[in-house]
Amino acid sequence: MRTTALRRTALAASAATLALLATACGGSSDGGDKGGDGKTAQAEKTPSAAPAKALTAAELEKAALAQADVKSGKVSKVAAKDDVAQDKAKAEDPACAPLTYLMVGSYVGKPAASVKRTYVGDPKKPAAGASAEEKLMAGLDRAKVIETLASYDNGGAEQAMKDLKAAAQKCAGGFSYTVTGTKSEYEKVATTQAPAGGDDALALTLTMAADGVKAPVKAVVVRKGATLVYFPAVNLAAAATGKDFDFPAELVQAQLGKLK
């Protein structure tokens, strides 16, 4: 059992999908970078509505999640060395490129400005008398999330959301991509209940496959005006066992509360 669990964890952690999530958990920072199926909580605004104004990089920095905004876990900025640029990820099927960008912690389209944060939840406490393996798994049982805030000009946020939803439908049966020569594969993309509070939203559960290992990966994308917020999330304990995990929905609500 221990050998299997550790093998699965190592495989999952080595996947390109988890590269940024596994490494960008420290306190280093940078100055930011420039750049359905009817289950969404709210419908998009009508096409006749005037496009919202894109926020600047400075405004996004101010609006991004900070440590004071969460009740538990750790929020950090992303160091430039830990970032995965959009042009480093290549989808095998171009129709699935939006999902590829989401999974590597990037953004869809070409935003006017963007900033990134990471969130790492607090580990679970092992039960009394837990074995060494159970203690290890408890330490891994926490969500790791990349938050990317991207602000778009001229209706780009609405278009990016449309592209994501189209990709989720077209690539529901799976997709693959490479990042710096490392291939990642997903065998399923399922649309789930999206959160309320924004102008539009999308929630996904994806099944990652690697050498016979199947692990859940989750993602939420919300739009508020001209800003999209991307939240891909993993849980290494879930990756090791294949069991489901809860997406930290409180992050979405905390972030929406800071976007005006």
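The solvent-accessible surface of the chain amounts to about 12,000 Å², of which carbon and sulfur atoms supply 52%; accessible areas come from the Shrake-Rupley method with a 1.4 Å probe, and for residues only the protein chains shown count as cover. The model is a predicted one, in which local features need pLDDT of at least 70 and side-chain atom pairs count only at pLDDT 80 or more, whereas totals for chains, interfaces and linings use all residues. Residues are numbered from 1 along each chain as its sequence is written, and side-chain values use heavy atoms, with hydrogens and water left out. Of the 260 residues of the chain, 50% count as buried (buried means under 20% relative accessible area, exposed over 50%, and partly exposed in between, with a 1.4 Å probe and protein chains only).

The secondary structure comprises eight helices and 10 strands, both taken as DSSP runs numbered from the N terminus (helices: H or I, at least four residues; strands: E, at least two). In helix H5, which spans residues 132–140, the buried positions include Glu133, Met137, Ala138 and Leu140. These residues lie on the same side of H5, because they cover an arc of only 160° around the axis, the arc being that of the directions from the helix axis to the C-beta atoms.

Salt bridges, defined by a side-chain nitrogen of Lys or Arg within 4 Å of a carboxyl oxygen of Asp or Glu, number 10 in the model. One of them joins Asp141 to Lys124, with the closest N and O atoms 3.3 Å apart; Asp141 is in the loop between H5 and strand S5 (143–151), and Lys124, 17 residues away, is in the loop between strand S4 (113–120) and H5. Asp141 is partly exposed at 25% relative accessibility, and Lys124 is likewise partly exposed, at 47%.

Elsewhere, Glu61, Lys77 and Arg117 are linked in a network of salt bridges.
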